[in-house]
Amino acid sequence: MRRWWASWKERIGRPGDCALVLSGGGARSAYQAGVLHYIAEAFPDRAFTIMTGVSAGAINAAQLANHTGTFPEAAARLVQTWRAVRLEDVMEPESRWKVLRTLLRRARSNGEQPLPEDTLRGLVDNAPLRAFLKRHLQTTDGRLHGVAFNLKRGTLRAFAVTTTNYSTGQSVTWVEGRDIHDWERPDRRGVRTELTVEHILASAALPLVFPAIRLGDAWYGDGGISLLTPLAPAIHLGADAILAISTRYKRSQAEGDAHDVAGYPPAAQILGLMLNAIFLDTLDQDAAMLERINRLVTKLPPHRRDGLRPIRLLILRPSVDLGKLAANHRPPLKGALRFLTWGLGATETKTPDSLSMMLFDPGYIAQLLEIGYEDARRQHDRIAAFLEDAPRRPPGNGHPAETPEVSGAEAPPAAR
């Protein structure tokens, strides 16, 4: 594989695009910020020219893609954002009475009359998260001005976030980038657009918990629901190497056989398994498929590969179970969130995965940042070998060394 990559790089005369793929996980995505903090410190001149994110990973990717400073500065800002976040910055839990009122309204409705405008659309109000994102992405109109600036000067080639169209069930990846094309499959599409805070909110709209977001003429929610191939957007965008950061702990055989609950499983245990299956397990399945295709492609001579190419892949994941860590912290007690935690039995399981996704607790976040940083530090050699062929950018805020200079790029006022 390495011999083929070296010859291919020499043939085209430049490093290939290196993509950063960030999966979901709610509050657990603070782990990704810790990993990136170390990578930026250890490899400050490397450049991820393609960034894709889904769910909470879309929020992390947006902050990196929108930052107009150096990679270390962007990573440090991401860590600062996670350290500053509180539950009230992400959501305003709806009252239990409003939830009950909405359920009664729907039960009484015959489906012919539209429900009132104040009908509950999620267990929480996402207005705090919208305000938080606008503040930390430094935008007043919702547009990600830093993304456009980075694309123009050449430090970024594409930024993409994935959502789920609630009307069609399709996985829709929204892309802003240079020299890219739409793609379309029966179950997934890639659409070029100018990305905004609303796209990020849609990608992170955990089903039933957060309200759906209207984009164009349709309603969209969390991109992890229908994204069965989380590596596909980066591949469609031309990545030759992919660094993916998962929030899913890989259990040993003994850990997998251990029971997390005694007796009949509470609803929170079942919900946690469902959320993991929907949002986190697909990355491992997609990675296994990519490695299999890589092996097959390398056995073929170049003229018989039909446009396929080997793609280098490195997945970084937690060294400890982030769900189990959540059991050491007190769950939120407000409104409908109390029902999702105490009411569904989150405190009765040793691995409250559903709780961990909504646990925006300063102590828990600090633990995740530290674990991510230390996990990356321990894997320094693996990361170094992977990033050896990644594009590089000079010190400061300049262009990657291999990218022709783009004239006329002016930093957005908010990012100066």
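**Contacts, cores, rings and cavities**

Modeller: Beyond its neighbours within four places in sequence, Leu368 is in contact with Ala27, Arg28, Ala30, Tyr31, Leu322 and Leu325. The model under discussion is predicted.

Colleague: What makes these residues contacts of Leu368?

Modeller: A contact requires heavy atoms within 4.5 Å, and Ala27, Arg28, Ala30, Tyr31, Leu322 and Leu325 are in contact with Leu368. The C-alpha atoms of Leu368 and Ser29 are separated by 8.2 Å, although these residues stand 339 residues apart along the chain. Leu368 itself belongs to helix α17, residues 362-378.

Colleague: Why is Leu368 called buried?

Modeller: Its relative accessible area is 0%. The limit for a buried residue is under 20%, so Leu368 qualifies.

Colleague: How many residues has the largest nonpolar core, and which have the most contacts inside it?

Modeller: That core has 81 residues, and those with the most contacts inside it are Leu20, Ile39, Trp82, Phe159, Phe210 and Leu387. Helix α2, residues 30-42, gives the most to this core, with eight residues. Another core lies apart from it; this one has 20 residues, among them Ile50, Ile180, Leu231 and Leu237.

Colleague: Why is the pair of Phe48 and Phe71 called edge-to-face?

Modeller: The structure holds four aromatic pairs. In the pair of Phe48 and Phe71, the ring centres are 5.7 Å apart and the planes stand at 80°. Pairing requires centres within 6.5 Å, and edge-to-face requires planes over 60 degrees apart; the pair is therefore edge-to-face. It links distant parts of the chain, with Phe48 in the loop between α2 and β2 and Phe71 in helix α4, 23 residues apart.

Colleague: How do you know whether Phe48 and Phe71 are buried or exposed?

Modeller: The relative accessibility is 4% for Phe48 and 8% for Phe71.

Colleague: What makes the pair of Trp82 and Phe360 stacked?

Modeller: The centre-to-centre distance is 6.4 Å, with 5° between the planes. The limits are 6.5 Å for the centres and under 30 degrees for stacking, so Trp82 and Phe360 form a stacked pair. Trp82 lies in helix α4 and Phe360 in the loop between α16 and α17, so the pair ties together parts that are 278 residues apart in sequence. Trp82 is buried at a relative accessible area of 8%, as is Phe360 at 13%. Contacts of Trp82 outside its sequence neighbours include Gly26, Asn60, Phe360 and Leu369.

Colleague: How do you know that Arg312 lies over the face of Phe386?

Modeller: Arg312 is placed at 4.9 Å from the ring centre of Phe386. The distance limit is 6 Å, with a further condition of 35 degrees from the ring normal. Arg312 lies over the face of Phe386, so both conditions hold.

Colleague: Why is helix α3 called mostly covered?

Modeller: Helix α3, residues 56-66, has eleven residues, of which eleven are buried. Among them are Ala56, Ile59, Asn60, Gln63 and Asn66.

Colleague: Which residues are closest to the centre of the largest cavity?

Modeller: The structure holds seven cavities of 30 Å³ or more, and the largest has a volume of about 300 Å³. Of the 22 residues that line it, Gly26, Ala56, Ile59, Val90 and Phe360 are the closest to its centre. Helices α3, α4 and α7 each supply at least two residues of that lining.

Definitions and conventions. Residues are numbered from 1 along each chain as its sequence is written. This is a predicted model: local features need pLDDT of at least 70, side-chain atom pairs count only at pLDDT 80 or more; totals for chains, interfaces and linings use all residues. Side-chain values use heavy atoms; hydrogens and water are left out. Helices (H or I, at least four residues) and strands (E, at least two) are DSSP runs, numbered from the N terminus. Buried means under 20% relative accessible area, exposed over 50%, partly exposed in between (1.4 Å probe, protein chains only). A nonpolar core is a set of buried Ala, Val, Leu, Ile, Met, Phe, Trp, Tyr and Cys residues joined through side-chain atoms within 4.5 Å. Rings of Phe, Tyr and Trp (its six-membered ring) pair if their centres lie within 6.5 Å; planes under 30 degrees apart count as stacked, over 60 as edge-to-face and the rest as tilted. On a 1 Å grid over the protein atoms alone, a cavity is a set of points where a 1.4 Å probe fits but cannot get out, and a pocket is an open set with protein on both sides within 12 Å along at least five of seven lines; lining residues have an atom within 4 Å of a point. Grid points are joined across faces, edges and corners, and a volume is the space filled by probe spheres set on the points.
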